[in-house]
Number of protein chains: 2
Amino acid sequence: MSDVKLLSTPVPPGGTIGILGGGQLGRMLAMAAARLGLKVHIYSDVADAPAFQVCDIHTVAPYEDDAALKKFTATCDAVTYEFENVPSKAASVLATIKPTNPNAKALAVAQDRFDEKSFVTSLGLKTAPFVAVNSPEDAVAAFAKIGGPAVLKTRRLGYDGKGQAKVKSADECKAAFASFKSVPSILEGFVAFGFEASIVAVRGADGQFAAYDPAENIHENHILARSIVPARLTAKQVDDTKTIAKKIAGALDYVGVLGVELFVQKDGTLLVNEIAPRVHNSGHWTIEACIVSQFENHIRAIAGWPLGSTERHSDAMMENLIGEQAADFKALAAKGGGLHLYGKSEIRAGRKMGHITYLKPRSN
Amino acid sequence: MSDVKLLSTPVPPGGTIGILGGGQLGRMLAMAAARLGLKVHIYSDVADAPAFQVCDIHTVAPYEDDAALKKFTATCDAVTYEFENVPSKAASVLATIKPTNPNAKALAVAQDRFDEKSFVTSLGLKTAPFVAVNSPEDAVAAFAKIGGPAVLKTRRLGYDGKGQAKVKSADECKAAFASFKSVPSILEGFVAFGFEASIVAVRGADGQFAAYDPAENIHENHILARSIVPARLTAKQVDDTKTIAKKIAGALDYVGVLGVELFVQKDGTLLVNEIAPRVHNSGHWTIEACIVSQFENHIRAIAGWPLGSTERHSDAMMENLIGEQAADFKALAAKGGGLHLYGKSEIRAGRKMGHITYLKPRSN
């Protein structure tokens, strides 16, 4: 299977893009594909997935249902995902039939925090110090090596602060490992950083690379609250964030949009925290502030089209609307920003319900 | 029936907007509604209407099918149109059941060129000289009054230059009337204008009014080829275009987006040429150059939401892609603009297949 070869002919207007996952990212990807005259088939295991409202065809089936996956793939000209935790078996079923991107290597790396950090350091890029923890003894040894405070994380399936525990002693580390039911974990040194940034970039089927300007990100309760562009970075640091993304994308032979989360240390050092092999919440501002958004550039890449401009015409601030923050839609609509509500049937605490982007004339 | 009263409660996210017509305008309206978390039900008499690809529900039925219209309307919280030639009977069926905008008066005025020009002049606004032509005798008398060259147009159902004939004598006027099968017509004095402009504005359910900056429009073969913003207008003329739109919208008790096409005479005089009670091709640039597009503002208005900003952050040029101009999608995608392809199944000569918008930093 060779994705690039399969993509040597771009998917023409009228062709169908398959998207695994029907949440807000799938929804915004579907709308971006529609702008280009492409049809969309959404596959989700949820019966009322928000993306179903804006696509041509949808399938409701478990991600483990090979027959449904094959039937879905048969209707598509290219396939992608809205989330990185696609079961690797599902991904391989898809990839043997139709060009499927991001590729299996990118998914594998992003699905395992230890593999991810090992991959990043193998490229000569910096991360927080880390050690694998597979047993109670490892937990004790890892703490001795890394020192405290540190953060124990499950290697797989963590997001928005889930599967993470701050530990201040070897005993706490052991206890946290037990609380994770002894699943393979990783102990990461605690990084005293100035702020968090992220870079959203895109690599085309032909290896063409482009990056949006990096965003400065503010988290609340382990969920992204705001992204601000430009970030408080020097021109050199901005270039460095793009170089980091380019190195990662190139090494993965990546096709599509990827997000790289970074810690900016007080001395200016950039540490790679996480790779998201998909469109990224911290890139939602590109819908308003760029002529081609991260969503459209992802579709362009995985459909084999030329990439669109990643240039930013305005400064931007994106605010997530979490849970009840989305309740007063009339007040939100009157705020003067670009309002996005995700079509979720019910407001729940901690649920990403929408976002709003404000623009200002470009300052630099 | 009172539209404003019915809209006193805005349609909440999760509610359904009904749209009559499934072409590119319906499609872009549907995508704008989706941004706000609203669902869309498209009604079209065409089996593979482009807008079906991006909406939650669709109905294929003739516009004369009262039962289908009623069934459609029952699923919607508010109803609108993508085109002004909605059969007035269909419009009245809808309006008795759900808030339906633009209202019947706006449709009636826009559907008849004589009523339209009479309405415009009744507001103290200027148009080209015009006379109704209902008989061969009228044709002769009208030409005597208006003088040549003049343009005979059918009163109803004209668009993109169809149902129009330039006439240079009373005989030609009579012949043109006969060629129109003697349907009620209007003779308009030929206007030596400098260029054509248009203003796209929006009026909310509460009477709130906002206008985008006027565009300068270039036609080729009677079809819009390009819209450029800013237009070559003085600040005073820009204000005047907005005042014209406000007067028209107010007099119609209008809810939604409307486009007003204007002739800019060499001496600077603004003549009203046509009122489009819908989103307008010359407003497509607002998708890229404004934080809230004409499509979203139309949805906001007819759904009873607060209007969004009509401010322009950039200069813009929009180019229509007509027929074969849309064929080389790879080349178009590489042009650096915001590309829109409408999902039409077949390229045909003269058919609007897509458009592309280029931005530049705001010059004024």
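1. A residue counts as buried if 20 or more other C-beta atoms lie within 10 Å of its own, as exposed if 12 or fewer do, and as partly exposed in between; C-beta atoms are placed from the backbone. His284(B) counts as buried because it has 30 C-beta neighbours inside 10 Å.

2. On provenance: this is a predicted model, in which local features need pLDDT of at least 70 and side-chain atom pairs count only at pLDDT 80 or more, while totals for chains, interfaces and linings use all residues. Residues are numbered from 1 along each chain as its sequence is written, and chains are lettered from A and ligands numbered from 1 in the order in which they are written.

3. His284(B) sits in the loop between strand 14 (270–276) and helix 10 (286–289) of chain B. Helices (H or I, at least four residues) and strands (E, at least two) are DSSP runs, numbered from the N terminus. Leaving aside residues up to four places away in sequence, His284(B) touches Met318(B), His355(B) and Thr357(B). Contact here means C-beta atoms, placed from the backbone, within 7 Å. Ser185(B) is 99 residues from His284(B) along the chain, and their C-alpha atoms are 31 Å apart.

4. Which residues of helix 7 (residues 136–146) of chain B are buried? They are Ala139(B), Ala142(B), Phe143(B) and Ile146(B). Glu137(B) and Ala144(B) are exposed, on the face turned away from the buried side.

5. The cover over the buried residues of helix 7 of chain B includes strand 5 (130–133), strand 6 (150–154), strand 7 (164–167), helix 8 (170–179) and strand 8 (185–189) of chain B. Gly147(B) follows helix 7 of chain B, with a positive phi near 85°.

6. Strand 13 (residues 256–265) of chain B is mostly covered, with eight of its 10 residues buried. Strand 13 of chain B pairs antiparallel with strand 9 (residues 193–203) of chain B over 10 bridges. Two strands pair if DSSP finds at least two bridges between them. Val202(B) is opposite Val257(B).

7. Strand 13 of chain B also runs antiparallel to strand 14 of chain B, joined by six bridges. Val264(B) faces Leu270(B) across this pair. Four residues lie between the strands of this hairpin, where Gly268(B) has a positive phi near 95°.

Notes. Two residues are in contact if their C-beta atoms, placed from the backbone, lie within 7 Å.
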